[in-house]
Amino acid sequence: MRALVLSGGGNRGAVEAGAILALFERGIFPDLVVGTSVGAINAVYIACQPSLVGAKYLCELWREVNKEDVFPGGIFKRFFLLLSKRDRIYPNDRLREFLLRHVPCQKFGETAIPVSVVATSLDKGEEVVLDSGNLIEATLASCAIPGVFPPVEIDGIRYVDGGVTDNAPLSVAADKGADTIYVVNVGWISEREKIIRNVFDITIASFNAMQKKKFATELEHYRARARIVHIHPRCGCDACDISFSDFSKSSQMIEHAHATTLATLDRWESEANGPPNANGSG
């Protein structure tokens with residue numbers, strides 16, 4: 001079974017979309033999709049439409065999305081919300097509306113291929129795999145960045161962003177029986193990208209710092225059980241220098257990730273042994 005794992009990474013979800021398009025163009029289609037945070041959004045969409053047409057439409061969605069679709073209100077409204085002692089800076093209403101409008105499925109059982117999303121139990125601080133019930137609410141839970149969005153309650157359990165405990169859920173795909181796993185990891189940031197402008201950037205950078213070592217450990221552990229292909233496309237040029245909540249460079253991110261992923265796949269195909277078993281990246 002072939003799995004596609006999609007990491008968290010804020011607006012770098014557009015990078016994932018470009019990489020997914022490249023994989024599908026080369027005939028690499030998953031039997032299972034697993035995602036965390038923004039990767040959960042891409043995962044549930046692709047699980048509903050696991051085709052080249054679906055990948056192209058996902059890229060178009062990323063080109064069209066704007067900040068108000070996800071983070072509504074200006075700086076004065078955000079300042080008021082902070083002073084009001086609420087549990088978040090932004091409501092998740094706009095994001096819920098966006099998902100309801102664009103994701104073709106509403107329940108896990110309606111997807112064309114299986115999908116799992118990772119969230120974090122706020123009360124227990126544990127990773128939780130959500131793969132049944134309401135698809136939209138599970139995705140919102142996986143995207144509930146602490147302090148930025150409110151926790152999402154499902155069946156009496158409060159959840160926050162899956163990136164808190166597992167930003168690139170390789171282990172979930174392996175535990176579900178995948179023997180070939182393509183991991184598109186857009187969560188790591190280079191020295192050039194460590195530009196902190198707001199609370200969103202601080203939160204994402206913190207997730208990255210916590211999860212980079214965890215992912216390396218899991219990569220080494222699970223390579224004995226599955227063939228793992230790690231794709232780590234960059235967003236490209238000046239797109240790297242914008243806030244993780246800025247969607248103005250999505251088109252540039254998609255095009256650069258698409259091109260670099262194709263180049264990586266070409267390089268692997270030209271090698272006698274094909275893609276590496278663990279660390280290959282674009």
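I take a salt bridge to be a side-chain nitrogen of Lys or Arg within 4 Å of a carboxyl oxygen of Asp or Glu. By this rule, I find E60, R63 and E255 linked in a network of salt bridges, and the count comes to ten salt bridges.

I note that this is a predicted model, in which local features need pLDDT of at least 70 and side-chain atom pairs count only at pLDDT 80 or more, while totals for chains, interfaces and linings use all residues. Residues are numbered from 1 along each chain as its sequence is written, and side-chain values use heavy atoms, with hydrogens and water left out.

**Helix α7**

Seven of its eight residues are buried, so α7 is largely enclosed by the rest of the structure; buried means under 20% relative accessible area, exposed over 50%, and partly exposed in between, with a 1.4 Å probe and protein chains only. Among the buried residues of α7 are L135, I136 and L140.

I then followed E137, which forms a salt bridge with R96, their closest N and O atoms being 2.9 Å apart. The pair links distant parts of the chain, since E137 is in α7 and R96 is in helix α6 (residues 93-102), 41 residues apart. R96 counts as partly exposed, at 24% relative accessibility.

**The cores**

I searched for nonpolar cores, each a set of buried Ala, Val, Leu, Ile, Met, Phe, Trp, Tyr and Cys residues joined through side-chain atoms within 4.5 Å. The largest has 66 residues, and L23, W62 and L130 have the most contacts inside it. Helix α2 (residues 38-48) gives the largest share of this core, nine residues. Apart from it lies another core of 18 residues, including V5 and L219.

Not counting residues up to four places away in sequence, D166 touches T36, V118, E127, S171, Q211, K214 and E218, where contact means heavy atoms within 4.5 Å.

I found that K214 meets E218 in a salt bridge (3.2 Å, N to O), and that both lie in helix α9 (residues 199-222), four residues apart, about one turn of the helix. E218 counts as buried at 10% relative accessibility, whereas K214 is partly exposed, with a relative accessible area of 27%.

How values were computed. Helix = DSSP H or I, 4+ residues; strand = E, 2+ residues; numbered from the N terminus.
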